[in-house]
Amino acid sequence: MDLSGKRIGFGLTGSHCTYDQVFPQIERLIELNADVIPIVTYTVRTTDTKFGQAEDHIGKIESITGKQVISTMPEAEPLGPKMPLDCMVIAPLTGNSLSKLANALTDSPVLMAAKATMRNQQPVVLGVSTNDALGLNGVNLMRLMASKFIYFIPYGQDDPYKKPNSLVAKMDLLPETIESALEFKQLQPVIVPHNS
């Protein structure tokens, strides 16, 4: 796998419980010599939860990438025409941000970067982490599945009996998904047993 020199935007949204699965994938991209540009939503930037303090999360992201996070709309906008990305990743992608992306709402730096990347006809890779992907958000998931330039980290039900509508991406498949997306192909199978 060769991601050397590829400019990869890495957007994080507010699925705080998934960060421990995502941070190692950012490290893997760095190890593969990708140029990773970190981008966060306002929720990531400001919300403290039982899964950690916002300041600590931001510090870890900046430590891994060696770059200051992009956390405002004006900072994200140049990723379109002036500083284009080869690929944009959003992982974790909450149901809220999934719904907004599927309905062309651009109200966070992460979604602005995704919109800019699609405008440049480059791939956007999504790593879902939402309790309602098979509920009301199912229509939005399917809209994105059928959209040009959108690719998914393979995903599955993380707890089908206690949370039957929940889907979470197999984050460890991120580098392979990016490699396929850069060839405008969806890594298959896209629906997998989550705990396999």
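Buried means under 20% relative accessible area, exposed means over 50%, and partly exposed lies in between (1.4 Å probe, protein chains only).

**Ground rules.** I am working with a predicted model, where local features need pLDDT of at least 70, side-chain atom pairs count only at pLDDT 80 or more, and totals for chains, interfaces and linings use all residues. I number residues from 1 along each chain as its sequence is written, and side-chain values use heavy atoms, with hydrogens and water left out.

**Serine 15.** I looked up its place: serine 15 sits in the loop between strand 1 (7–12) and helix 1 (19–31). Helices (H or I, at least four residues) and strands (E, at least two) are DSSP runs, numbered from the N terminus. Buried or exposed? Serine 15 is buried, at a relative accessible area of 7%. I then checked contacts (heavy atoms within 4.5 Å). Leaving aside neighbours within four places in sequence, serine 15 touches Pro92, Thr94 and Ser129.

Beyond neighbours within four places in sequence, the contacts of leucine 12 include Tyr19, Phe23, Ile39, Ala91 and Val110.

**Helix 6.** I counted buried residues here: 8 of the 11 in helix 6 (residues 109–119), so this helix is largely enclosed by the rest of the structure. Among them are Val110, Leu111 and Met112. Just after helix 6, I noted that glutamine 121 takes a positive phi of about 60°.
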